[in-house]
Amino acid sequence: MGKFLKTGKVVLLLHGRFAGRKAVIVQNSDAGTKQRSYGHALVAGIDKTPLKINKSMGKKRRAFRSRVRPFLKVVNHNHVMPTRYNMDLDSTVKSVSIAEQSKKEASKKVVRTMFEDRYKAGKNKWLFQKLRF
């Protein structure tokens, strides 16, 4: 069977704190590493989706409600479900790291700006909607 969990693939998380949330694979390790001997991926996901806005809201309120709260997490391949959707990732997003807390915070800011730019541009609409069961 071919490898289908590649960088840019949109997945659903199945276990843990972010279960049921949508995420995008940023870095993938099929063979594993020394610390994690299983196949895993670094995913960037949406913790809090943007809220609805309408014409009567002011500029400040629209900006506040269209914010995205991202998360970064290393996830076992067994705990993700791939979707048919893909995203083109910027080179800045591909270089994120969660090795240290300061790098993780900086990486979350990069991911947040990427998600917010896509939301405001109207791209990848499915990613920014709540998951309905």
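This is a predicted model: local features need pLDDT of at least 70, side-chain atom pairs count only at pLDDT 80 or more; totals for chains, interfaces and linings use all residues.

Colleague: Noted. What volume does the largest pocket have?

Modeller: The largest pocket comes out at about 330 Å³.

Colleague: And which residues lie nearest its centre?

Modeller: Those are Pro 50, Lys 52, Tyr 119, Phe 128 and Gln 129, out of 14 residues that line the largest pocket.

Colleague: How does that lining divide into nonpolar, polar and charged?

Modeller: The lining of the largest pocket has five nonpolar, three polar and six charged residues.

Colleague: OK, next one. How much space lies in the second largest pocket?

Modeller: About 220 Å³. The second largest pocket is lined by 14 residues, and Gln 27, Arg 36, His 40, Leu 42 and Val 74 are the closest to its centre.

Colleague: Which elements give two or more residues to that lining?

Modeller: Strand E2 (22–29) and strand E3 (40–48) do.

Colleague: And how do the residues of that lining divide?

Modeller: For the second largest pocket, there are six nonpolar residues, seven polar and one charged.

Colleague: Let's switch to packing. Which residues touch the most other members of the largest nonpolar core?

Modeller: Val 24, Met 87, Phe 115 and Leu 127, in a core of 17 residues. E2, E3 and H3 each supply at least two residues of this core.

Colleague: Now charges. How many salt bridges does the structure hold?

Modeller: One. The side chains of Arg 21 and Asp 47 form a salt bridge, at 2.5 Å from N to O.

Colleague: Where do the two partners lie?

Modeller: Arg 21 is in the loop between strand E1 (9–13) and E2, while Asp 47 is in strand E3, so the pair ties together parts that are 26 residues apart in sequence.

Colleague: Buried or exposed?

Modeller: Ser 107 is buried, because its relative accessible area is 7%, and buried means under 20%.

Colleague: What about Lys 103?

Modeller: Lys 103 lies in helix H3 too, but Lys 103 is partly exposed, with a relative accessible area of 41%. The C-alpha atoms of Lys 103 and Ala 41 are separated by 17 Å, and the two residues are 62 apart along the chain.

Colleague: And the loop between E2 and E3: what is the exposure of Ala 31 and Ser 37 there?

Modeller: Ala 31 lies in that loop and is exposed, with a relative accessible area of 70%. Ser 37 is also placed in the loop between E2 and E3 and counts as exposed at 66% relative accessibility. Leaving aside neighbours within four places in sequence, Ser 37 is in contact with Ala 31 and Gly 32.

Colleague: Then strand E4. What is Asn 76 in contact with?

Modeller: Asn 76, which lies in strand E4 (residues 69–76), is in contact with Tyr 38, Gly 39 and His 40, leaving aside neighbours within four places in sequence. The C-alpha atoms of Asn 76 and Gly 39 are separated by 6.1 Å, though the residues are 37 apart along the chain.

Colleague: Last one: which phi does Asn 124 have?

Modeller: Asn 124 has a positive phi of about 50°, although Asn 124 is not a glycine. Asn 124 is in the segment after H3, and at 26% relative accessibility Asn 124 counts as partly exposed.

Colleague: Great, thanks for the tour!

Key
Residues are numbered from 1 along each chain as its sequence is written. Side-chain values use heavy atoms; hydrogens and water are left out. On a 1 Å grid over the protein atoms alone, a cavity is a set of points where a 1.4 Å probe fits but cannot get out, and a pocket is an open set with protein on both sides within 12 Å along at least five of seven lines; lining residues have an atom within 4 Å of a point. Grid points are joined across faces, edges and corners, and a volume is the space filled by probe spheres set on the points. Ala, Val, Leu, Ile, Met, Phe, Trp, Tyr, Cys and Pro count as nonpolar, Asp, Glu, Lys and Arg as charged, and the others, Gly among them, as polar. Helices (H or I, at least four residues) and strands (E, at least two) are DSSP runs, numbered from the N terminus. Buried means under 20% relative accessible area, exposed over 50%, partly exposed in between (1.4 Å probe, protein chains only). A salt bridge is a side-chain nitrogen of Lys or Arg within 4 Å of a carboxyl oxygen of Asp or Glu. A nonpolar core is a set of buried Ala, Val, Leu, Ile, Met, Phe, Trp, Tyr and Cys residues joined through side-chain atoms within 4.5 Å. Contact means heavy atoms within 4.5 Å.
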